[in-house]
Amino acid sequence: MRTEEEQLEAIKRWWKENGVSLLIGAAIAAAGVFAWKSWQDYQTAQAEAASQRYQQLLQLTSQDQLDDGARERAEELATTLVDEHGGSLYADLGQLLSARLAVGDGELGSARNALEGLIADSEHAYLAGLARLRLARLQIAGDDAEAALATLDGAIPDTLSAQRAEIRGDAHFVLGDTDSAGDAWREALQRSQQGERSLFGLQLKLDNLGAQETTS
C-alpha cells in the first residue's frame with residue numbers, strides 16, 4: 001500500500017507533467033465561452049439596432065407626405081440597414097421601403113435597382129418573391145411588359161400566386177393579348193378565393209374585358 005508521502009509525490013509529479021496543459025486548456029475554454037457570449041451579445045445588439053432603425057424607417061414611410069428632411073432621413077436609414085445589417089430580415093424590408101421611396105420620387109430606375117438587388121441577394125423567399133411582383137409592376141409601367149413576364153417566371157412562393165397571376169394578366173393585356181390576360185385574371189380570381197384573400201379591382205378588370213369582347 002502506498003504511503004501518504006508516496007501518494008503526495010505522485011500527485012506532485014502528475015501536476016508537474018499535466019498541470020500546465022490543464023491550465024492552458026482551462027484558459028482556452030474560458031476564452032471560448034467569453035468569445036461566444038460576446039458574439040451573442042453583439043448579435044443581439046445588432047438585431048436590436050436593426051429593429052429600431054427599421055421601425056423608424058417604417059414610421060417615416062407610412063406618412064402621406066415627406067418633407068426633404070424626412071425623406072433624407074428615410075433614405076439614410078434604408079442605406080444603413082443594407083450596409084450594416086445586410087442579409088437580415090430588416091435589411092430586406094428596408095430595401096423594399098427604399099424602392100417605395102424611389103417610386104414616390106419618380107426615380108423608377110433606382111427603384112428597379114433596389115428590387116433587383118433584393119431579388120439577387122435575399123435569403124428570404126417571400127420577400128424576394130414580393131420584390132419580383134413589384135419589379136414586374138414597374139416594368140409594366142415602364143412599357144416593358146415582356147420583361148415583366150420574364151420576371152414573373154422567376155421563383156415566387158405559392159402564397160403570392162394570386163398576385164403573380166393578376167400581374168401576368170396585366171402584362172398580357174398591355175401587350176394586346178386579351179385571351180391570355182383573361183385566363184391569367186381568372187386564375188388570379190380563383191386562387192384569391194381559395195386563399196380567402198380578395199384582390200381589389202380584379203373582378204372589375206374581368207368585367208371590363210368581357211365588355212370589350214362583347215362589343216368587339
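Of the 216 residues of the protein, 35% count as buried. The model is predicted.

**Exercise 1. Describe the secondary structure: how many helices and strands does the protein have?**

Solution. Step 1: count the elements. There are nine helices and zero strands. Step 2: write them in sequence order. The pattern reads α-α-α-α-α-α-α-α-α.

**Exercise 2. Check the length of α2 against the span its 17 residues should have.**

Solution. Step 1: find the expected span. The rule is 1.5 Å times one less than the number of residues, so for the 17 residues of α2 the result is 24 Å. Step 2: compare this with the model.

**Exercise 3. Describe how α2 and α3 pack: at what angle do their axes cross, and which residues make the contact?**

Solution. Step 1: take the axes. Those of α2 and α3 come within 8 Å, and the crossing angle is roughly 145 degrees. Step 3: list the residues. From α2 come Arg-71, Ala-74, Glu-75, Ala-78, Leu-81 and Val-82, and from α3 come Tyr-90, Ala-91, Gly-94, Gln-95, Ser-98 and Leu-101. Step 4: look at burial in α2. Its buried residues are Ala-70, Arg-71, Ala-74, Leu-77, Ala-78, Thr-80 and Leu-81.

**Exercise 4. Locate the largest nonpolar core: which residues touch the most other members, and which helix gives the most to it?**

Solution. In soluble globular proteins, nonpolar side chains tend to be buried together. Step 2: find the centre of contacts. The largest nonpolar core holds 36 residues, and Leu-57, Leu-96, Leu-115 and Leu-133 touch the most other members. Step 3: assign the core to helices. At least two residues come from each of α1, α2, α3, α4, α5, α6 and α7, and α5 gives the most, with eight residues. Step 4: look for another core. Apart from this one lies a core of 10 residues, including Ala-162, Ala-165, Leu-189 and Leu-206.

**Exercise 5. Classify Gln-163: is this residue buried or exposed?**

Solution. Gln-163 lies in helix α7. Step 2: apply the cut-off. Buried means under 20% relative accessible area; Gln-163 has 13% relative accessibility and therefore counts as buried. Step 3: list what Gln-163 touches. Leaving out residues up to four places away in sequence, these are Leu-133, Arg-197 and Leu-199. Step 4: turn to Leu-133. Beyond its neighbours within four places in sequence, Leu-133 is in contact with Leu-152, Ile-156, Leu-160, Gln-163, Arg-164 and Ile-167.

Technical notes
Residues are numbered from 1 along each chain as its sequence is written. This is a predicted model: local features need pLDDT of at least 70, side-chain atom pairs count only at pLDDT 80 or more; totals for chains, interfaces and linings use all residues. Side-chain values use heavy atoms; hydrogens and water are left out. A nonpolar core is a set of buried Ala, Val, Leu, Ile, Met, Phe, Trp, Tyr and Cys residues joined through side-chain atoms within 4.5 Å. Buried means under 20% relative accessible area, exposed over 50%, partly exposed in between (1.4 Å probe, protein chains only). Helices (H or I, at least four residues) and strands (E, at least two) are DSSP runs, numbered from the N terminus. Contact means heavy atoms within 4.5 Å. Axes are lines fitted to C-alpha atoms, for helices over the stretch in contact, and angles run from 0 to 180 degrees between N-to-C directions.
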